[in-house]
Protein chains: 2
Amino acid sequence: MGIRIITVSREFGSGGRTIAKMIANRLGINYYDKELVTKIAQESDLAEDYIEECGEYASTTNGVFFNLTNTTDNAKLSLPDQLYVIQHNIITDLAERERCVIVGRCADFILKERKDCLHTFFHADMAFRAKRITQLYGETELSSFQRLEEKDKKRTIHYKYYTGREWGMSQNYHISLNSGLVGINKCAEFVAKVVKNANASAD
Amino acid sequence: MGIRIITVSREFGSGGRTIAKMIANRLGINYYDKELVTKIAQESDLAEDYIEECGEYASTTNGVFFNLTNTTDNAKLSLPDQLYVIQHNIITDLAERERCVIVGRCADFILKERKDCLHTFFHADMAFRAKRITQLYGETELSSFQRLEEKDKKRTIHYKYYTGREWGMSQNYHISLNSGLVGINKCAEFVAKVVKNANASAD
């Protein structure tokens, strides 16, 4: 079976979003990141800002571990848990319907049973990421470090709560690269090549 | 600064050792795996079999966490801890002396402060690894699964004890690949290419 879906997980500032777009372009398939936020907003009463903020980052209301199979009544769930259920359903439907690249939102976990997915993770050293977000968002170097640390921590907790797994474990991804060392272009080039090779030998 | 040392960490049966050899060949540098065991045997009174067995796998005598900086008298250490200290010193010296590929033995952690190292990790699905060790070592499929599970567990405990880190975390490696999906040849090709690129831009 060939690869139809590529999930892209990434540390904040590693360039994962840019790499995801490049992979989609190279493969000529759709790319879902902000587009997912809009879809989620359409299917819920939640504001896009809230979805951006809580769709990947732990909020203080999260408990120890969330088990989707135990949820019967969505209305009784906390707002972050409701959001996760909506994200889960949209991502599952999307994977069923079209070839695409999906950024973040525990898609690697949500789609882990599918055989047609390639799961990727991009990370980089603090200095590389701080420099990048300083350039992109115009922050000071010091506030960049603080922001990165906070983002990493919140994503780790969010991921652990919804998946039970450690965020960033190599074994959960087919390809994990340090984008600072490998280079953003080269990361995208390699992933696209692996997908093309896998699809060529599956034909 | 260019890349002089490549450390290769790997799940048992993932082909990491073969990939390491291929990387060394492609780069025209030395490769240390069994060669390390021989060096360690020469510098200690330990048998090669014991070094092979305990140099990467937890033994029952290991405690909670080993701290190299607290050790003043090697003779008072347990045998596995003495072995670790010897391995540590040999790997540190090796990195100082020559360009090479080093397989396993916590080399990624031991050399983590050096800027001239590329750290890699190879893993693969159980089925791929079981098939591989069945072919290589002539085991039955069932005993292969049991052996893999036991090896994974012992390596995880050993690594945690000597490094304090989780074995397989993407952030500890520049490149982590599923060799079953990417292909053993392609893994080696990619790593060698990244090293060559990094060294070309460092010139």
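# Exercises on helix packing and a chain interface

The axes of helix α9 (residues 184-202) of chain A and α9(B) come within 13 Å of each other, crossing at roughly 165 degrees. This is a predicted model, in which local features need pLDDT of at least 70 and side-chain atom pairs count only at pLDDT 80 or more, while totals for chains, interfaces and linings use all residues. Residues are numbered from 1 along each chain as its sequence is written, chains are lettered from A, and side-chain values use heavy atoms, without hydrogens and water.

**Exercise 1.** Classify the arrangement of α9(A) and α9(B), and state which residues meet.

*Solution.* Step 1: helices are DSSP runs (H or I, at least four residues), numbered from the N terminus. Their axes are lines fitted to C-alpha atoms over the stretch in contact, with angles from 0 to 180 degrees between N-to-C directions.

Step 2: angles under 35 degrees count as roughly parallel, over 145 as roughly antiparallel, 65 to 115 as roughly perpendicular and the rest as oblique. At roughly 165 degrees, α9(A) is therefore roughly antiparallel to α9(B).

Step 3: in contact (heavy atoms within 4.5 Å), A:K186, A:E189, A:F190, A:K193 and A:N197 meet B:K186, B:E189, B:F190, B:K193 and B:N197. By class, there are two nonpolar, two polar and six charged residues. Here Ala, Val, Leu, Ile, Met, Phe, Trp, Tyr, Cys and Pro count as nonpolar, Asp, Glu, Lys and Arg as charged, and the others, Gly among them, as polar.

**Exercise 2.** Describe the interface of chain B and chain A by its buried area and its salt bridges.

*Solution.* Step 1: buried area is the accessible area (1.4 Å probe) that two parts lose on being put together, summed over both. The two chains bury about 1900 Å² between them, 60% of it on carbon and sulfur atoms. B:Q171, B:H174 and B:L181 supply 27% of the area that chain B buries against chain A, more than any other three residues.

Step 2: each chain contributes 24 residues to the contact.

Step 3: a salt bridge is a side-chain nitrogen of Lys or Arg within 4 Å of a carboxyl oxygen of Asp or Glu. The rule finds two across this interface. The side chains of A:E189 and B:K193 form a salt bridge at 3.9 Å, N to O.

**Exercise 3.** Determine how α1(B) is oriented relative to α9(B).

*Solution.* Step 1: helix α1 (residues 16-27) of chain B packs against α9(B) at about 40 degrees, with the axes 9 Å apart. Step 2: α1(B) is therefore oblique to α9(B). Step 3: by class, their contact has 10 nonpolar, two polar and three charged residues.

How values were computed
Helix = DSSP H or I, 4+ residues; strand = E, 2+ residues; numbered from the N terminus.
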